[in-house]
Amino acid sequence: MCLALPARVVAINGLDATVDLGGVRKAISIELVPEAQVDDYVIVHVGHAIGMVDADEAARTLALFAELEASQSQEMMPQVVA
Amino acid sequence: MSPLAALAGQYVLRPGQNPSLAGHRPVLQAGTLPRLLRGQTGAGLVRILGSLFTLCSHAHQRTAALAWNAACPLADPLPVAPRVLLRLETARDHLRSMALDWPSRLALDAQHVQGLRLLVANPLMSASTTGMNSEQAALRLTALRVWLNDFEQASADTAAAVGQASPLQVLQDWQALANGLNPALNRLDLLHPDAHEQALRLCELAQAMLAEPDFVQRPNWRGECAETGAWTRLRHRQQSPSPFLSAWSRLSARWSEVQDIAGAEPLPQNAPQDPLLSSGALALGEGSAIAWCEMARGLLLHWVQVDARGGVVDYRVLAPTEWNFHPQGALAQSLAEIPSDDVRSARCLAAAFDACVDCRIEGVTP
């Protein structure tokens, strides 16, 4: 994915992990960031965690995406003509 | 898919059909990014664009800082990462693409996936580049050169057994097919060896970008679709005829570029330009500028308009994927010409043009 959505690690089994990505659970590999722990935030690309972000940065980024999503929903709402 | 993930978008490729390509990236939809960025000042702009994108975060940060500095020449300039970091990040993006994207794009079997996964051990893969200086980046690239030599030597020793002398040899089953796919080549040639000519072209593109609200999602250059990638760099411009005509040559251009970067002479600390990967900015008028950066997937462009108080009024991002996955572009035309059940060729073309988002192929069973 081109967007850097922070995903929260919710379970780890060796180098396999489960993350919560915007409310959706996904199985990923943490081979490239083996230091990741439960509750850490990672950036996922094609099923691999490729980087980590701290909790504050993750919160800021998720807020940005929420703003983007809201902005888009607003754009797609039908215009009311008086 | 969560609503947030849906912002990234998806492309659907339909071999042998018309239209052969559908989809877009909602995040780049007209007005979406400008609304988010409106009122931001330089540092906030760079931080936001760096936070939004995964693989090309470094390129967005560089291009945003360059655009801002050119648009606000009287303000304190924003720091721009050393050029050698662009080399490092580009090589890393290529290696990541080969190791992680090719297996899924090409639906490779376990043995082939294992061959490509050997690339994961390269010394750039896990390196954090945050705060990395020129010397540290240069050392990493030296380590890459040594690793590539060892990799090729070790692989060559066992090539007879596993056929892995390079990631390209892992794909040798695909080579004949990919060599037979020859999308018409129309290189995006905005960058030019002559600075004056380049400035004229960038001005012309900026005007076209502002004239059409959806330009960044359906770009054209002088009315025609064009493509961009490792094979369309400014440094390849003089090569005529182009060696990059088939899907195979477009795929292998990435591995060639990794070798070019690893083997290149070190860049002087404050080199004004990099002969391998061009980046820079052009002021267009009061508070306005366009900036560019040759990154792994091709040419990235940012345009900015800043008001007198130093806040963003308008912002456009024109990324490589929108050129390469244009519904009338070379990929779309090539897809339309293959049989509707030829999913393998469609996969090969998708990997050659390398979208930064998910691609789904809808073949028709005969």
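## Salt bridges

A salt bridge is a side-chain nitrogen of Lys or Arg within 4 Å of a carboxyl oxygen of Asp or Glu. The model described here is predicted, and a search of the whole structure finds 23 salt bridges over all chains.

One of these links Arg8(A) with Asp39(A), where the closest N and O atoms are 2.9 Å apart. Arg8(A) belongs to strand S1 (residues 6–13) of chain A, whereas Asp39(A) belongs to the loop between strand S3 (24–29) and strand S4 (41–45) of chain A, so the pair ties together parts that are 31 residues apart in sequence.

## The interface between chain B and chain A

How many residues of each chain take part in the contact between chain B and chain A? On the side of chain B there are 32 residues, and they are in contact with 28 residues of chain A. The area buried between chain B and chain A is about 2,900 Å², and carbon and sulfur atoms give 64% of that area. In chain B, the residues that lose the most area to chain A are Leu4(B), Thr54(B) and Leu100(B); together they account for 21% of what that side buries.

Between chain B and chain A the count is one salt bridge. Glu31(A) forms a salt bridge with Arg117(B), and their closest N and O atoms are 2.1 Å apart. The count of residue pairs in polar contact between chain B and chain A, both at pLDDT 80 or more, is four. Four helices of chain B are the elements that give two or more residues to the side touching chain A: helix H1 (3–6), helix H2 (32–37), helix H3 (42–52) and helix H5 (83–105). By residue type, the side of chain B that touches chain A divides into 18 nonpolar, eight polar and six charged residues.

## The four-stranded sheet of chain B

Chain B contains an open sheet of four strands in the order S3-S4-S5-S6, with antiparallel pairing. Which strands stand at the edges of this sheet? They are strand S3 (279–285) and strand S6 (312–318) of chain B; each has a single partner strand, so one side of each is left without a neighbour in the sheet. From one strand to the next, the twist averages 15°.

Strand S5 (residues 298–306) of chain B pairs with S6(B) in the antiparallel sense over six bridges. Val306(B) stands opposite Val312(B) in S6(B). Helix H5(B) packs on the sheet and touches S3 and strand S4 (288–295) of chain B. The direction of H5(B) makes about 50° with that of S4(B). H5(B) is also one of the helices that give two or more residues to the side of chain B touching chain A.

## The three-stranded sheet of chain B

An open sheet of three strands in chain B has the order S2-S1-S7, and its pairing is mixed. Strand S2 (21–24) and strand S7 (358–361) of chain B stand at the edges; each has a single partner strand, so one side of each lacks a neighbour in the sheet. Neighbouring strands of this sheet are turned by 15° against each other on average, direction ignored.

Strand S1 (residues 10–13) of chain B pairs with S7(B) in the parallel sense over four bridges. Gln10(B) stands opposite Asp358(B) in S7(B).

## Backbone features in two loops

In chain B, the peptide bond from Asn18(B) to Pro19(B) is cis, with omega near 5°. Pro19(B) lies in the loop between S1 and S2 of chain B.

In chain A, Asp39(A) has a positive phi of about 80°, although it is not a glycine. Asp39(A) is placed in the loop between S3 and S4 of chain A, and it also forms the salt bridge with Arg8(A) described above.

Notes. Residues numbered from 1 in each chain as written. Chains lettered and ligands numbered in written order. Predicted model: local features only at pLDDT ≥ 70, side-chain atom pairs only at ≥ 80, totals over all residues. Heavy atoms only, no water. Contact = heavy atoms within 4.5 Å. Buried area = accessible area lost by both parts, 1.4 Å probe. Polar contact = N/O pair within 3.5 Å; in protein donor to acceptor, adjacent residues only side chain to side chain. Nonpolar A, V, L, I, M, F, W, Y, C, P; charged D, E, K, R; others polar. Pairing = 2+ DSSP bridges. Axes fitted to C-alpha atoms, helices over the stretch in contact; angles between N-to-C directions.
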